[in-house]
Amino acid sequence: MPLRDGKIVMWDMAGQALETARVRGAKYADVRVMHLRQRDLTTKNGQVGTLAQSESIGLGIRVLAGGAWGFASTDRLTREGVSACAGRAVAIAKASAIAKRKEVVMAAEEAYVDSWQSPFRKDPFEIPLETQLALLLAADAEMRRVKGVTLTETDLQFRKIDSWFASSIGSRIHQRKMMSGCGIVATSFQGDEIQKRSYPNSFGGQHSLQGYELVESLELLKHAPRVAEEAVALHSAAQCPQKTGTLILGGSQLGLQIHESVGHPIELDRVLGEEANFAGTSFLTLDKLNKLRYGSEIVNVVADARLEHGPGLGSFAYDDEGVPAQCTDIIKGGEFRGYLSNRETAHLVGLARSSGTMRTESWNRLPIIRMTNISLLPGTWRSDDLIADTDDAILMETNRSWSIDDRRYQFQFSTEMGWEIKGGKKARMLKNPSYSGITTEFWNSCDAICDEREWVLWGTPNCGKGQPMQTMGTGHGASPARFRNIRIGAAFSES
């Protein structure tokens, strides 16, 4: 497919880059040509906030020469530009080799020739901006009808990414991913207190590897009045009590808990000290593999990039090293079983091949180890039965803020809303709920997990890692779960 008149086609560019790298002395090379399109729409208090559409196309090449890595990228997609980029990558690798501490050792991988597209029914880029904006303005108006609402916000976000991957071992892989997301937020200011409610999740809503059908399925207009009413009602709610007791977490909050206290610490580059940006080390040192009791016996967590796991933001057919999507046990029966690895680090934990987790934000960034879909597998409970089985607890829903140390060991989370559980029934609404703990103690306190009927694969579109920073999407499957002996308190309050 030609880019523009006089430009070479995608595979020709990739092949030229690989050949230039070989001639210049690279022992291995892989190249990604990427075409990224994005559309963002937001409203605030009935006014258009963001209305943006952009695209970017370029090439990034990674080479191994002299036992060290080199990387370069360009958006000058001519023969001269591509050759210069590949030559620069080799020069960087050879310069790096002078100061290398050890030779790069890569796990073996087969060559693949394949083409894959994530399934979707409605291309959001084919739907007029006016139609999408009208939906947001209508949802915004519905929230503003509720007396006491101070601020209303809505958003839509779409991404379409085409990637052509080629490597010197013979892989040629084209992938197309379509990602969609949306959400609404109502905020109420009264006196010196701020309360807010979000749907279907906070921090941008729900995001998934789907088309516009995701937006339609979430029925923003239907939920807008409830969201606004709850934001106002929270001002009259009782303050969450401070105590040590039983906690029930809603699925979306549990998804973020998984992200912060399981997903990040299992990234092997963080464990090895090769990546420490954004609070980036880990308590999961190599001696803990297959020896640490991470959680209770009912806690089973997997890293699963396969589409059959669900249309998560961490789903794909191949990672950005050309390694097929896989399912890896992270916690099995409560025992710590696995890390997120790449071809370079796999041998350090006794693996014969990478677990397939290398991803890059764009053509001008190196691929790094990233979370795929890190999910807590369903249990056996229905939520109604779980509540009926609980005599005294606090149910917390929808994240509001969080903090966790750089080893991912001690944490504190607050949520938008809480409910008191008394005598097996949901009682009064609570405001400003929070909880805190230590990662392994928290997961070992889990004694009930709801079943697959309430399991949702939540999308986190804004996970930051690396320097320069890369923002990627991850998926986290979870259903509501119960935890015992948790420190519970009130955030955003003077008491």
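Reader: Before we start, what are the ground rules here?

Author: It's a predicted model, so local features need pLDDT of at least 70 and side-chain atom pairs count only at pLDDT 80 or more, while totals for chains, interfaces and linings use all residues. Residues are numbered from 1 along each chain as its sequence is written, and side-chain values use heavy atoms, with hydrogens and water left out.

Reader: How is the chain divided into domains?

Author: Domain bounds come from an automatic or database domain assignment. Here you get domain 1 (3–236) and domain 2 (238–492). Their centres, taken over C-alpha atoms, are 22 Å apart. Contact means heavy atoms within 4.5 Å, and 54 residues of domain 1 are in contact with 48 residues of domain 2.

Reader: Okay, helix packing. At what angle do α3 and α5 pack?

Author: Some conventions first. Helices (H or I, at least four residues) and strands (E, at least two) are DSSP runs, numbered from the N terminus. Axes are lines fitted to C-alpha atoms, for helices over the stretch in contact, and angles run from 0 to 180 degrees between N-to-C directions. Now the case: α3 (residues 129–144) and α5 (residues 220–233) pack at about 30 degrees, with axes 8 Å apart. That makes α3 roughly parallel to α5; the label goes to angles under 35 degrees, with over 145 roughly antiparallel, 65 to 115 roughly perpendicular and the rest oblique.

Reader: And which residues make that contact?

Author: From α3 it's L135, L136, A138, A139, E142 and M143; from α5 it's L220, L221, A224, P225, V227 and A228. They divide into eleven nonpolar, no polar and one charged. (Ala, Val, Leu, Ile, Met, Phe, Trp, Tyr, Cys and Pro count as nonpolar, Asp, Glu, Lys and Arg as charged, and the others, Gly among them, as polar.)

Reader: What about α1 and α2: how do their axes cross?

Author: The axes of α1 (residues 10–23) and α2 (residues 79–98) come within 8 Å and cross at roughly 40 degrees, and α1 and α2 are therefore oblique to each other. On the α1 side, M13, Q16, A17, T20 and A21 take part, facing R79, V82, S83, A86, G87 and V90 of α2. This contact splits into six nonpolar, four polar and one charged.

Reader: Now sheets. In what order do the four strands of the open sheet come?

Author: Strands of a sheet pair through backbone hydrogen bonds, either parallel or antiparallel. Two strands pair if DSSP finds at least two bridges between them. In this one, the order is β13-β12-β11-β16, with antiparallel pairing. The edge strands β13 (335–336) and β16 (374–376) each pair on one side only. Four bridges join β11 (residues 301–304) to β12 (residues 327–332), and V302 has D329 of β12 as its bridge partner. Helix α6 (residues 251–263) packs on the sheet, touching β11, β12 and β16, and its direction makes about 120 degrees with that of β16.
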